[in-house]
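Hi there,

Here is the structure I promised to pass on. Please have a look, and my notes follow below.

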Amino acid sequence: MANFHRFSNRQLAQIFEQIADLSEIKGEVIYKVLAYRRAAESLAELNREAFDIWQSGKLTEIPGVGKAIAEKIEELFTTGRLGFLEKLTAEVPPSLAELLAVPDLGPKKIALFWKELGITTLAELEEAARTGKLRTLPGMGEKSEARVLAGIEAYKRRSERIPIGRAYPFAQRLIARLQAIPGVQRVEMAGSLRRGRSTVGDIDLLAAAADSSSVMEAFLSDPEVVRVTASGETKSSVEYSHGLRAQLWVHPPERFGTAWQYATGSKEHNVRLRELALKQGWSLSEHALSRKDGSEVLCSQEEEVYAALGLPWIPPELREDRGEIQAALEGKLPRLIQLSEIRSELHAHTTWSDGKLTIAELAEAARKRGLEVLVISDHSASLAITGGLTAEAALEQRREIQRVQEQLGDSIRLLHGIEVEIRADGSLDFPDEVLAGFDLVTASMHTALRQPRQQVTERLLKVLRNPHVDILGHPTGRMFPNREGADLDMEAVLRAAREHNVVLEINAHPSRLDLDDLYARRYAEMGGLLAINTDAHAESDFDLLHFGVTIARRAWVEAESVINTWPLARLLAWLGARHKG
Ligand code: DGT
Ligand code: CA
Ligand code: ZN
């Protein structure tokens, strides 16, 4: 048999999408462009491989695939190439396709810029607009040139992911506004935001309403909206200033369960779930579960969707196609840690270094939130910008903590910790005999994060071997949106931490979320212990704890693995045993 080229549906879809884009810029008649787009969409949505369909001679039965497109698909499968596309890319530079995604920039203008000024990339277009070259072209002027620049700005913002720390509070505000609209029964987060990803492409919201028009209208006409990017009866999307984006889906309450399941994703989880449904004779869509005969089963609750497929409800944080459906089928889903199970904060700062609250104020803030234990852990001296503690100052602080503890009685237990700085050479700010005096030692690095991989890894390994170090704080040092973590050999770090029984922190501050979910999962699977800490510098920081718990949930972590869930006696016994050992 001949050697065929097995293009996936996705690859085929991308090829026809590219043909559509380039034909459009070339000036091809619009119905042909639309036909290519339709074929691309239909190929992307197929639930069987187009290759298999081709082998059974039925390509033209695919919606949107007529004779001309079927021939092109066949050429790809048989030769691995497509003469038509090769000719097209020789005529129209493929890099122009990206420009179609710039808001308010159409194919005619793109062709004009290309033919008159030789512009083929986004960077060239931006340069031409900034230097006033576009305004001289026919049909252009200063205003339309400015609009091109604004479009480029919007496009760049749109391709950036939004940190969850910005998306989440904004989504809460949007939800409150939409819930106030008459006829709206319920509004919930969906998409990557509900799954708790550290960054989101956009904010997905789902509303339950019998009639979508009033809630859609309110969403689109919100005064903070700067641009409507799509609008329809069941789905619309908008942009706000500062690059925030949101998408609202509206479904009737009796179909809320399937809609919420669909809109929560991930896409990969949904694909697997649909496969499972198909095997059981169902088809699953955002609207309903349907049987072969076309009859629908409506689900107002997500639980009903999973139950119909013989599954327990799967927490959204697990829906990443990382084995959760198999685990659910086997009844082996983890009992994920919950926010309410956290009893202690093990990493917090006061006015003794760069915190905003005194020891007493910090203790009160922690007590108010129901915490049973608070570890005061200010910075050590070498992190000079924080006004870090010297060994002498730390002793003085210890006496102050004792005084505050006496005032507080047993309403909350204070422990004296330190966030000791890891120097560039892997030594710590304090000698061992000083470290031995603290109840709990967290070692963190804040500087020299760009050391080469081997050096920075060795640096941490040295720290992990120090028997006084209980917790490694925010292990990689990453900061959203633009500071990458150190280039660590994480496997070596996790192994060493496990060997020396060092706890790895999931820093709950949304600009950190470090460890991330993947490494936290790996460490917990190795049997390692984790801590979830807010690293509070101010009262409101305590309210960020849920972001850290979400990372732990995404990491399949149960309460047992997180030392903040342990009762005081167990925590103290564990610390005592470590420090004796
Ligand atoms: P993001 O916004 O990039 O952080 O990620 P998501 O997961 O929020 O993705 P988004 O906003 O593109 O779509 C929201 C949800 O809609 C997604 O999680 C699952 C569902 N969805 C979107 N497109 C598709 C699709 O082509 N197939 C399936 N099965 N589901 C989809
Ligand atoms: Ca999204
Ligand atoms: Zn800190």
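Which side chain has an N or O atom 3.1 Å from an oxygen atom of ligand 1? That side chain belongs to Asp-204, and the pair is a polar contact (N or O atoms within 3.5 Å).

Before the rest, some ground rules. This is a predicted model, where local features need pLDDT of at least 70 and side-chain atom pairs count only at pLDDT 80 or more, while totals for chains, interfaces and linings use all residues. Residues are numbered from 1 along each chain as its sequence is written, chains are lettered from A and ligands numbered from 1 in the order written, and side-chain values use heavy atoms, without hydrogens and water.

Staying with ligand 1, a polar side-chain atom of Arg-195 sits 2.9 Å from one of its oxygen atoms, and one of Arg-274 is 3.0 Å from a nitrogen atom of the ligand. The protein buries 76% of the 600 Å² that ligand 1 exposes when taken alone (Shrake-Rupley areas, 1.4 Å probe).

Now to the zinc ion (ligand 3). Its protein donors (N, O and S atoms within 2.8 Å of the metal, or 3.2 Å for Na, K and Ca; water is not among the atoms, so sites may look incomplete) are His-347, His-349, Glu-419 and Asp-535, at 2.1 to 2.2 Å. Along the chain they follow the spacing H-x1-H-x69-E-x115-D.

Happy reading!

Methods:
A polar contact is a pair of N or O atoms within 3.5 Å; within protein, one must be able to donate a hydrogen and the other to accept it, and residues adjacent in sequence count only if both atoms are side-chain atoms.
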